[in-house]
Amino acid sequence: MLLLGCIKEVSAYELAVSLPNGLSGFVPATQISDAYSQLLSEQVAQGQLLEELNSLPDIFSPGTLVRCIVTSIEKRDDGSRSVKLSIDPKKVNKGLSSTALAAGMLLSGSVLSVEDHGYLIDIGVTGTHAFLPHQKAKNYIKAVKKGPDLKIGQNLNCLIVEVKNEGRVVCLSIDRSEVAASVATERQNWTLSNLLPGLVVKARVQKLDPLGMKVTFLSYFTGIVDFMHMDPEKSTTYSPDQVVKACVLCVHPTSRAVRLTLRPPFLHAGGAPRQLPGQRMGAVLEEATVKAFYKQFGAIFELDDGTLAFARLKHLSKTRKSFKPGAFKEGCKHKCRIIDYSLMDEMCIVSLKHQIIEAQFLQYQDINSGDVVQGKVVSLKPIGMQVKVAHGIRGLVPSLHLSDVILKQPEKKYNIGDEVKCRVLECNPGGKKLILTLKKSLIQSKLPVLSNYEDAKPGLITHGFVVCAREFGCIVKFYNDVKGLVPKNELGSEPISCPDKVFYEGQVLKVMVLKCEPQQERLLLSFRLSSNPGPEDKWKRTPKEKQEVKYQIGEIVDVKILKKKDNGLEVSILEDEDNVVAWIPTLHLSDFVATSKLLWHCLQEGDVLPRVMYLSDKGEHITLSRKSAVISAVQEEQVVRSFSEIQPGMLLTGYVRNVMPFGVFVEFPFGVTGLAPKVSMSDKFVTDTKDHFVVGQTVIAKVMSIDEEKQRVLLNLKVSECSSGDSAAESFALLNQYFKELKEIKNLLRRGESSICELVPGKRLHLVVQDVREDGSALFSSSSVMGWTVTATRYHLGDKNIAPGEKRKAFVLHVDALTSEVYVSLREELLKQRP
């Protein structure tokens, strides 16, 4: 069935379309056009965003008229029906052939490609090439305000200006004045098999009755105008044989019935129906006057502002049995509520049902983050519980939020149909997304609701829930996806070495805001609700204030180690009369993660570390870095000091701040951060992000794109994309730095364990077999490697049978100073090599 519809809402995946007689339908993203579907398929196959593929909100706007064809009618769980539509020209214009095309015809088209002198348009007619010159599109583009060009997949109301080569080539126009002036005529040879909705015709009134009128048009067509589509200003003045202007609304494929409208906004092709003022939606009206009652359809009411509204039969009473037709005589007054607006009928849809009039929420827009709502359990699934909040409004309680503690068997606590009290965590009306929580500590909380970063003022105390506990601290989430970090030093009054053993995912806690940067969406929090720093914090806070005056990011200093802690070194800056105390995280001791851990192991309190760079004073203390690549980048000015300096294509040196399932967050000197999505992380296919990167790893990243509004940077970490050109020189420089640091570690080890320093790959040892394990590997001992574990795998025992107590020669393969393990081989081919 072909219908004229009006776009009501646009989301990333579908268009919600208003249809005649108060109906609605949905156009999925795959039913826009062949060209758009092709781009969608390519994007899915490549796993990355295509520049030429625009999202539906970038192409379509609410209030635009579109020709649709019904593809299916699906029955929902609650018994209602969902109408699926398509606006693909191949389906909408399937009744047209190239020989039937004529100048002056109006039809649907979709942008196929952008060419030098105009656009190729898909009009869905086999064997016909349609072209739209730039000149015929510029006024439309200017009025629509969707960018300087038409976009692939954009749906257009096209007027045929010229037909060439028997319909094989047609020239089009989408100029609004030309389209609006077009009227379908007999000369265009329209037939019942190809008649399109949206055509404006001159019609003659044939017969009038209370439900509408019968008209004739285009010489031999007959059609019906129902009561909702007569012009309300002239509904009483129509007479037989009167000639009126009408617009085709729909064409039924089997009955061949044609329905038309006489409403003014549709009488110019491509017009826009009137919208309902936003504040009227959901309004409760004490007295609405019945204008007309139709026993098969419903009733027409006149509202307080003089406009007309329609109530379907099922909305006139609570049940069919309680319905009393006598209460709907003309002039009777009733209390009602506006529940919808039909763009195609330019009429409010109202309900007289008591439960709808009294309902707390009518649409997603009525719900705010932090609201406490009543709901009914609809279903229980692995991802969580679905809850019905009101008619047409459903929310999800994620499994993490079913209780204050994690429920292993939620079906034992909740049953379908149970009434539950929830609190709204997040509400997105555009995407019809509602996330709820059943955690009593959040529902009963009297503390302020934190639902945006602007409200996060220092000193604010509120409730939040833990979403991540790691060695760096805890990430705590609030309402509307607002989240912040509680650094390790703010987890409690006493130091907590393993946060993941103290805090658990989903735990509700009181937190205090320390600092907030709304534009960057950064939030620093504390579990210590007192604003006075304890004795442990004084060394972190006082030096920070002095340091802000004395040092700049990038400045090189020498430091002395004061104390070794689990995740770093507490140091004092030498040659500073104030004895400024700072912090070097373990992962900032080297560009190489394994070397960083080795250095931490080898360094002792009192050691002096030269050439350490001032990195930042975030987290309430001064942070230093010894990463050679990061220091070089700062000294050579290959850095960005603020978001405004970032340009696509830049190569920047930074370090991995966090590894998430969807990508890697990279931080650069001066605090700028970016995200490398999963598809841009590696030249290899990425299954698990943690297999490719670790926190603290030094990386070179290429800037892909920037979002100035959200202050976000997208990065590429693929090795093939991140080389400056001389990749061999870069590789040798990194290797040279690695060996230089290994030599430094050996020198540190020589202080008390000189014999260990002689253990290098290739060295030969005399060992005694201590044990042969079940897996075939062997354990050895020797006076030269006292306190170390010496192991050979089964393969490296060669074909020799060995027994405990035997003496053997061995070849050193690898020395792991961090775990005090030495790996050796007894294979003859290695032992025969010259030392």
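I searched the whole structure, a predicted model, and found ten aromatic pairs. I took Phe217 and Phe221 to begin with. Their ring centres lie 5.3 Å apart and their planes meet at 15 degrees. Planes under 30 degrees apart count as stacked, so this pair is stacked. I then looked up burial. Phe217 and Phe221 are both buried.

Next I turned to Phe227 and Phe297. Their centres are 6.0 Å apart, with 50 degrees between the planes, and the pair is tilted. Where do Phe227 and Phe297 lie? I placed Phe227 in the loop between β13 (221-226) and β14 (243-251). Phe297 sits in the loop between β16 (284-294) and β17 (298-302). The pair therefore ties together parts that are 70 residues apart in sequence.

Is Phe227 buried or exposed? Its relative accessibility is 17%. Buried means under 20%, so Phe227 counts as buried. Phe297 has a relative accessible area of 40% and is partly exposed.

I went on to the strands. Five of them close into a barrel, in the order β16-β17-β18-β20-β19, with mixed pairing. From one strand to the next, the twist averages 50 degrees. I checked one pairing in detail. Strand β18 (residues 308-312) runs parallel to strand β20 (residues 347-351), and two bridges join them. Which residue of β20 is the bridge partner of Ala309? I found Cys348.

Lys564 lies over the face of Trp600, 4.4 Å from the ring centre. Arg827 lies over the face of Tyr795, and here the distance to the ring centre is 4.1 Å.

Last, I read the UniProt record. The unreviewed entry places the feature "domain: S1 motif" at residues 1-88, 104-175, 198-263, 370-439, 459-528, 554-627 and 649-718. I looked up the make-up of two of these spans. Residues 370-439 are 0% helix and 54% strand. The end C-alpha atoms of that span are 13 Å apart. Residues 459-528 are 6% helix and 50% strand. Their end C-alpha atoms lie 11 Å apart.

Key
Residues are numbered from 1 along each chain as its sequence is written. This is a predicted model: local features need pLDDT of at least 70, side-chain atom pairs count only at pLDDT 80 or more; totals for chains, interfaces and linings use all residues. Side-chain values use heavy atoms; hydrogens and water are left out. UniProt positions are given in the numbering used here, feature names are shortened, and annotations may be inferred rather than shown by experiment. Helices (H or I, at least four residues) and strands (E, at least two) are DSSP runs, numbered from the N terminus. Two strands pair if DSSP finds at least two bridges between them. Axes are lines fitted to C-alpha atoms, for helices over the stretch in contact, and angles run from 0 to 180 degrees between N-to-C directions. Rings of Phe, Tyr and Trp (its six-membered ring) pair if their centres lie within 6.5 Å; planes under 30 degrees apart count as stacked, over 60 as edge-to-face and the rest as tilted. Buried means under 20% relative accessible area, exposed over 50%, partly exposed in between (1.4 Å probe, protein chains only). A charge sits over a ring if NZ of Lys or CZ of Arg is within 6 Å of the ring centre and within 35 degrees of the ring normal.
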